[in-house]
Amino acid sequence: MNFTGSNILSVEQFDLDSIQTVFQTADRMQPYARRQKRTKVLDGAILGNLFFEPSTRTRVSFGTAFNLLGGEVRETTGMESSALAKGESLYDTARVLSSYSDIIAMRHPKSGSVAEFAEGSRVPVINGGDGANEHPTQALLDLYTIKKELQHHGHDINGMHICMIGDLKFGRTVHSLSRLLAMYKNIRFTLISPKELAMPDAIIDELVRGNHQITITDQVAGLLDADIVYQTRIQQERFTTPQEADLYRGKFRLNSEIYTKHYKPNTVIMHPLPRDSRAEANELDNDLNQNPNLAIFRQADNGVLIRMALFALTLGVADLIEKYECDVNWYSEKRHSY
Ligand code: CP
């Protein structure tokens, strides 16, 4: 894959070599993300950070990543505060905002909208989530986290057993992650969801074509050899009414007792976040917060590294990061887990 000047719209653009390039570049971002050093490689560049759907991690980590590379960030958040609410097309919005920016990150509730926007943009566009379709940067950070966590236990992605639980129909993170994992070898997928919220057939077909082992069930059982459990939220915003989502909320919970009963002691617990912590859902209980296998915050931290890597690669400055390095004046005793 030639990164320079490319949009990042789908995980389909990646192969194992390009994934490795992203991960190697992400590894080099550690000292900057920890604020041990600065790089001004993107000094003068502007990120247009356009979030037309709620976000905490993706929006802020895109902005943080760009700032850490020396660039500046301009944002718009929410459909109602943008001219899209007045009937402006994605094409016109893209033509205008791509004049104000050197690169754009965008989230929008409609599947395919970010690709449509990219057609009108004169600068690279990165998909921060388009409806129930894709979330490629999340998938890359999830895969990076899986690799690091398994390495810690002396294991590899090839041959692992991952259990995905929850809303596999509307959860775009599990769609994109499954497609990336399909490129590896002999993975065992256990897909646990209510029947109505099962993984889409198109993604199952990709896993079948990759000769992976797939178990589809609505029961949490027989998981004692899972390496990764990837819990997801019921995507209320994709249902016709909140009451419809209520039918499924709280069906699959993970707490310390369930973890001890159903998983081996080192199973890594992941979740793209946000987790729904309301009592009626409580899909990932706070009683796991001190469990060393809970990787959810390391996973979120890795989002900064991966997004820094993607900015550096798509803007063609990955070879110049260290050249524009400088010392930091500010120092914190706090250390981050990147
Ligand atoms: N994981 C993720 O996309 O989180 P946000 O919705 O907070 O961006």
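Is the crossing of α7 and α8 left-handed or right-handed? Let me begin with the answer, which is that α7 and α8 cross in a left-handed way, where left-handed is said if the near helix is turned anticlockwise from the far one by less than a right angle, and right-handed if clockwise.

Before going on, a word on the model itself. What you have above is a predicted model, in which local features need pLDDT of at least 70 and side-chain atom pairs count only at pLDDT 80 or more, while totals for chains, interfaces and linings use all residues. Residues are numbered from 1 along each chain as its sequence is written, and side-chain values use heavy atoms, with hydrogens and water left out.

The helix and strand names are DSSP runs numbered from the N terminus, helices being H or I with at least four residues and strands being E with at least two.

Staying with the pair I opened with, α7 and helix α8 (residues 201-209) pack at about 15°, their axes being 9 Å apart; axes here are lines fitted to C-alpha atoms, for helices over the stretch in contact, and angles run from 0 to 180 degrees between N-to-C directions. The two are therefore roughly parallel to each other, given that angles under 35 degrees count as roughly parallel, over 145 as roughly antiparallel, 65 to 115 as roughly perpendicular and the rest as oblique. From α7, His175, Ser178 and Arg179 meet Ile203, Glu206 and Leu207 of α8, contact meaning heavy atoms within 4.5 Å. By class, this contact of α7 with α8 has two nonpolar, two polar and two charged residues, where Ala, Val, Leu, Ile, Met, Phe, Trp, Tyr, Cys and Pro count as nonpolar, Asp, Glu, Lys and Arg as charged, and the others, Gly among them, as polar.

In the loop between α7 (172-181) and β7 (188-192) we find Asn186, which has a positive phi of about 55° although it is not a glycine. A cis peptide bond joins Leu273 and Pro274, with omega about 5°, and Pro274 lies in the loop between β10 (268-270) and α11. As background to both, most residues other than glycine have a negative phi, and most peptide bonds are trans.

That brings us to α11. Helix α1 (residues 16-28) packs against helix α11 (residues 296-314) at an angle of about 110°, with the axes 8 Å apart, which makes α1 roughly perpendicular to α11. Here the crossing is right-handed. In α1, the residues Thr21, Val22, Phe23, Thr25 and Ala26 meet Leu305, Ile306, Ala309, Leu310 and Leu313 in α11, and the residues of this contact divide into eight nonpolar, two polar and no charged.

Helix α3 (residues 57-68) also comes to α11, the axes coming within 8 Å and crossing at roughly 50°, so α3 is oblique to α11.

Finally, the domains, whose bounds come from an automatic or database domain assignment. That assignment gives domain 1 (11-134 + 302-326) and domain 2 (136-297), and their centres, taken over C-alpha atoms, are separated by 26 Å. The contact takes 30 residues from domain 1 and 23 residues from domain 2. Between them the domains bury about 2,300 Å², 62% of it on carbon and sulfur atoms, buried area being the accessible area (1.4 Å probe) that two parts lose on being put together, summed over both. In domain 1, Val11, Phe23 and Arg57 lose the most area to domain 2, together 26% of what that side buries.
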